[in-house]
Amino acid sequence: MPYAAAVVVMCVVGYLMVYQVGKDYNFDGNYNFAEISTIGSKKAVLILNNGNAMNLEENLDSVIAEVDGTLIQNDSSNALTYRKSNSLPNKLIYNQINIPRGGEYSLTLADGTKVWLNSESSLKYPVQFIGVIRKVELTGEAYFEVAHNKLKPFIIESHDTEVKVLGTKFNVSAYNDEEDITTTLVEGSVQVSSLGNSELLEPGYQAVVKRGSNQFQVNKVNAVLYTSWRNGVFQFKDQSLEEICHQLSRWYNVEFFFTENQYRNLRFAGAAKKDRSLDFTLEMIEKMADVKFAIKGDKIIVGKPN
């Protein structure tokens with residue numbers, strides 16, 4: 001089957017609660033069905049300690065020297081690598097990497113920790129870790145493989161939530177436009193804290209914290225569903241079409257608008273490869289549900305023709 005390589009399975013499995021509709025869009029006969037071919041790619045902007053910005057997509061196979069002598073390699077596989085400096089600085093020097101919509105990138109920090117950053121994400125981190133902790137600041141989504149160091153815990157700060165580890169593999173999602181901050185543990189253990197409350201996670205569990213709250217919801221999950229994005233696959237399990245479109249909008253840099261709540265609430269299970277065009281994935285959803293996608297200007301309208 002020609003679709004099998006890109007979409008494993010898509011099936012409608014029910015409905016969810018009703019979401020509030022912002023602005024309605026109607027199919028009026030003047031729409032062209034979705035033919036968006038732009039696909040996300042490896043791209044990012046690196047902000048150096050002096051404030052200079054470097055487009056990493058345009059500077060492959062380059063070496064950047066920071067003020068403390070740290071060398072930063074941006075290789076042809078679209079990955080940054082920080083080398084340990086011969087002498088540690090006496091104060092922290094920070095870099096920041098910003099991933100736009102439709103982009104992703106990876107980097108290896110000076111301590112050997114590997115980070116994969118999803119679309120519309122940002123990570124601020126020291127060029128070299130000094131002192132008794134290793135702390136970074138995340139907005140958006142990232143998958144971490146933290147280098148083990150029992151003497152220096154690794155801490156990720158995201159809004160009011162803090163994830164503390166010694167060395168492990170896990171995913172953190174903390175987008176500015178989402179209410180929940182989720183931490184999904186793949187291997188090892190992590191301590192998730194928010195406003196004075198904390199939970200210790202075991203592999204295969206996920207902590208969900210509502211922004212501005214210290215209340216946790218801890219669930220056993222299939223971690224693959226929350227980490228497959230870094231391997232080039234969208235995976236869904238009992239997710240609403242609105243949630244799916246939210247993910248697609250970041251990768252393909254488009255906006256979705258629904259004509260009615262009933263289309264937001266369709267629920268799906270399945271998988272789709274990120275290296276295929278958006279219209280391919282939307283066509284598969286159309287085949288499995290009583291819904292259509294169309295373009296008007298820079299908007300993708302979700303509904304049905306009148």
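**Cores and strands**

Modeller: Among the 40 residues in the largest nonpolar core, Leu 80, Ile 97, Leu 107, Leu 123, Tyr 125, Phe 144 and Phe 170 touch the most other members. The model is predicted: local features need pLDDT of at least 70 and side-chain atom pairs 80 or more, whereas totals for chains, interfaces and linings use all residues. Residues are numbered from 1 along each chain, and side-chain values use heavy atoms, without hydrogens and water.

Colleague: What makes a set of residues a nonpolar core?

Modeller: Its members are Ala, Val, Leu, Ile, Met, Phe, Trp, Tyr and Cys residues that are buried and joined through side-chain atoms within 4.5 Å; buried means under 20% relative accessible area with a 1.4 Å probe, protein chains only. A second, separate core of 22 residues includes Leu 241, Cys 245, Leu 248 and Val 291.

Colleague: Why are strand 17 and strand 20 said to pair?

Modeller: Two strands pair if DSSP finds at least two bridges between them. Strand 17 (residues 180-187) and strand 20 (residues 205-210) have 5 bridges, in the antiparallel sense, and therefore pair. Ile 181 stands opposite Val 209 in strand 20.

Colleague: How do you know that strand 20 and strand 21 pair?

Modeller: Strand 21 (residues 216-220) also has 5 antiparallel bridges with strand 20, and Val 209 stands opposite Phe 216. The two strands form a hairpin with 5 residues between them, and Gly 212 in the turn has a positive phi of about 80°.

Terms used: Buried means under 20% relative accessible area, exposed over 50%, partly exposed in between (1.4 Å probe, protein chains only). Helices (H or I, at least four residues) and strands (E, at least two) are DSSP runs, numbered from the N terminus.
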